[in-house]
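Reader: Please take me through this model in short questions and answers. Give the cut-offs of a term when it comes up.

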Amino acid sequence: MGELKLMKGNEALAEAAIRAGADAYFGYPITPQSEVIEYLMSEKPYERTGMVVLQAESEVAAINMIYGAAGAGKRVITSSSSPGISLKQEGISYISGAELPCVYANVVRGGPGLGTIQPSQADYFQSVKGGGHGDYKQIVLAPASVQEMSDFVKLGFELAFKYRIAVLILSDGVIGQMMEKVELFDQMPRLTDEEIYEKFPWATTGKKKGTERRIITSLDLDSHKMEEHNHHLQRKYKTIMENEVRSEAIHCDDAEYIFVAYGSSARIAQKAVDMARAKGIKAGLIRLITLFPFPEKQLQAFCKQGVKGFLAVEMSAGQMVEDVRLSVAGCAKVQHYGRFGGIIHSPEEVLRAMEQQIIGG
Amino acid sequence: MTEEIIIAGFGGQGVLSMGKILAYSGIMQDQEVSWMPSYGPEMRGGTANVTVIISDERVSSPILTRFDTGIILNQQSMDKFEGSVKPGGVLLYDPNGITRHPERTDIDVYQIEGARLSAEMGNTKIFNMVILGAYMKVKPIVLLENVIKGLKKSLPERYHTLIPLNEDAIRLGMKNVVRKTA
């Protein structure tokens with residue numbers, strides 16, 4: 001068993017970055033995720049593993065540092081909260097076009113604009129539908145515990161390098177700020193420059209005599225080549241959709257009514273399931289772990305099981321609910337419930353919404 | 001067993017760190033825990049509160065509106081959280097600065113004069129440990145030995161000399177907590 005600690009989600013993410021053998025963190029502080037860079041600065045990973053921690057002059061600079069370092073085959077990570085993530089979108093689009101691996105975290109706060117510093121889940125569209133320009137996708141992991149804030153950094157790097165893709169850890173102010181027990185994984189080694197050169201035939205590590213030039217770019221003025229590149233990207237996304245869907249079904253085997261939620265809303269909905277079961281309502285929860293790829297088939301399976309209704313619970317005005325509707329295609333009633341703008345719904349409110357909008361509605 | 005607690009008072013009273021010590025103690029006795037603070041502008045000079053859950057099972061919602069125990073350390077928090085204690089639950093409070101004492105009769109109300117006792121000990125910084133002791137007496141969920149273990153694990157080595165003082169404060173709280181309801 002690994003080392004047990006009581007940590008904030010933000011701290012667990014930072015510690016996991018060091019342990020996952022990251023080469024660098026580039027970031028800029030913003031509430032509610034400033035503990036990430038605070039923790040890294042106080043831990044001095046440059047003394048532990050040689051990992052670089054750098055506070056950039058802005059979010060735009062930070063994401064472009066990620067772009068450059070990822071191009072060199074380095075294992076790099078950044079994090080921010082909603083307004084800062086918006087600033088990073090141009091870089092994410094470039095990274096996606098150039099097919100570079102990186103992990104970044106959004107500890108979501110209420111918006112739009114500068115909004116509030118309290119928790120929210122209103123960045124779902126930006127995360128899964130493409131916050132930047134162009135036909136790109138990124139893998140989106142939604143941690144619902146401090147443990148997963150740690151585990152998903154390791155998983156995120158695995159997926160990022162497996163598919164040469166950006167992986168977003170979509171968290172929120174609840175998961176970032178709360179403390180829970182976390183079992184830390186063991187320190188993984190950072191790759192040497194020689195290992196990077198051998199393992200990643202695309203990485204720009206400096207042209208050696210008699211070898212081909214390696215070029216990282218998202219630009220190709222030949223539209224036919226660009227169309228082919230886009231086809232290649234789409235095939236990759238399809239492979240990801242076939243192989244990397246993750247979700248967790250809780251009390252769903254005999255469920256008639258199902259909550260669909262991710263992140264902190266999934267924790268709240270889980271309590272609502274317990275309260276519903278105590279009242280004799282056959283309720284269950286499907287917790288989405290990957291938001292892209294979206295667990296469509298898992299939701300469709302509930303239709304065959306005869307589920308009577310789904311309640312999408314998210315701290316937004318209704319974003320993920322659209323993908324739930326697309327997935328179940330009218331087989332059962334689908335409604336949305338959520339508080340937003342920085343207000344967190346309570347388990348009681350969530351259960352009442354199920355009773356009024358789905359069961360009684 | 002699941003114990004859902006709200007600790008609420010002024011910023012600077014040690015509300016958040018008391019919650020952290022409780023959570024750490026839970027881990028020391030192999031339980032699941034969560035610690036969810038209020039964060040943001042309200043913490044600067046205003047009220048601070050933290051929800052702590054200690055359970056034998058995986059903790060579901062870290063966000064709660066009803067609590068088994070309310071530990072209330074100022075009037076604003078009394079106004080806000082007296083009604084949030086579940087019927088049959090516990091409300092523990094420090095009467096210092098309280099102008100309207102709890103009125104509910106469907107819960108068990110306990111009083112601890114943490115501010116006075118810690119001032120008499122000559123160290124108001126251990127106020128929160130006196131309160132913690134009172135809570136541990138009323139609800140013996142975390143054991144003293146596990147609190148001490150948790151302190152040792154969570155405090156930097158240079159503060160370990162302060163652990164006996166903290167232990168004395170906990171014992172003082174245990175000894176002086178008073179039941180107010182029949």
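Author: Two strands pair if DSSP finds at least two bridges between them; helices (H or I, at least four residues) and strands (E, at least two) are DSSP runs numbered from the N terminus. Residues count from 1 along each chain as written, with chains lettered from A and ligands numbered from 1 in written order. The model is predicted, so to speak only of what qualifies: local features need pLDDT of at least 70, side-chain atom pairs pLDDT 80 or more, and totals for chains, interfaces and linings use all residues, with side-chain values on heavy atoms, without hydrogens and water.

Reader: Which residue of E7(A) does Val103(A) stand opposite?

Author: E5(A) and E7(A) run parallel and are joined by seven bridges. Across this pairing, the residue of E7(A) that faces Val103(A) is Val167(A).

Reader: Which residue of E7(A) stands opposite Val140(A)?

Author: Strand E6 of chain A (residues 139-141) also pairs with E7(A), in the parallel sense and over three bridges. Here the residue of E7(A) opposite Val140(A) is Leu168(A).

Reader: How many residues of strand E7 of chain A are buried?

Author: Buried means under 20% relative accessible area, exposed over 50% and partly exposed in between (1.4 Å probe, protein chains only). Ala166(A), Leu168(A), Leu170(A) and Asp172(A) point one way from E7(A), while Val167(A), Ile169(A) and Ser171(A) point the other way, and all are buried. The strand, residues 166-172, is therefore largely enclosed by the rest of the structure, and its buried count is seven of seven.

Reader: Which strands are the edges of the open sheet that contains E1(A) and E7(B)?

Author: The sheet has nine strands with mixed pairing, in the order E1(A)-E8(A)-E2(B)-E3(B)-E1(B)-E4(B)-E5(B)-E6(B)-E7(B). An edge strand here pairs on one side only, and that holds for strand E1 (3-8) of chain A and strand E7 (178-179) of chain B.

Reader: Which residue in E4(B) does Ile5(B) stand opposite?

Author: In chain B, strand E1 (residues 2-10) and strand E4 (residues 67-72) are parallel partners, with four bridges between them. The residue in E4(B) that stands opposite Ile5(B) is Thr69(B).

Reader: Is Ser77(B) buried or exposed?

Author: Ser77(B) belongs to helix H2 of chain B, which covers residues 75-81. Its relative accessible area is 2%, so Ser77(B) is buried.

Reader: What is the omega of the peptide bond from Gly111(A) to Pro112(A)?

Author: Pro112(A) sits in the chain A loop between strand E5 (102-108) and helix H6 (124-128). The bond from Gly111(A) to Pro112(A) is cis, with omega near -5 degrees.

Reader: Where in chain A is Pro293(A) found?

Author: The peptide bond that leads from Phe292(A) to Pro293(A) is cis, with omega near -5 degrees. Pro293(A) is found in the loop between strand E12 (290-292) and helix H12 (296-304).

Reader: What is the phi of Lys44(A)?

Author: Lys44(A) is in the loop between helix H2 (35-43) and helix H3 (45-48) of chain A. With a relative accessible area of 37%, Lys44(A) is partly exposed. Lys44(A) is not a glycine, yet its phi is positive, near 50 degrees.

Reader: What is the relative accessibility of His251(A)?

Author: His251(A) has a positive phi of about 55 degrees, although it is not a glycine. The loop that holds His251(A) lies between strand E9 (247-250) and strand E10 (257-261) of chain A. His251(A) counts as partly exposed because its relative accessibility is 45%.
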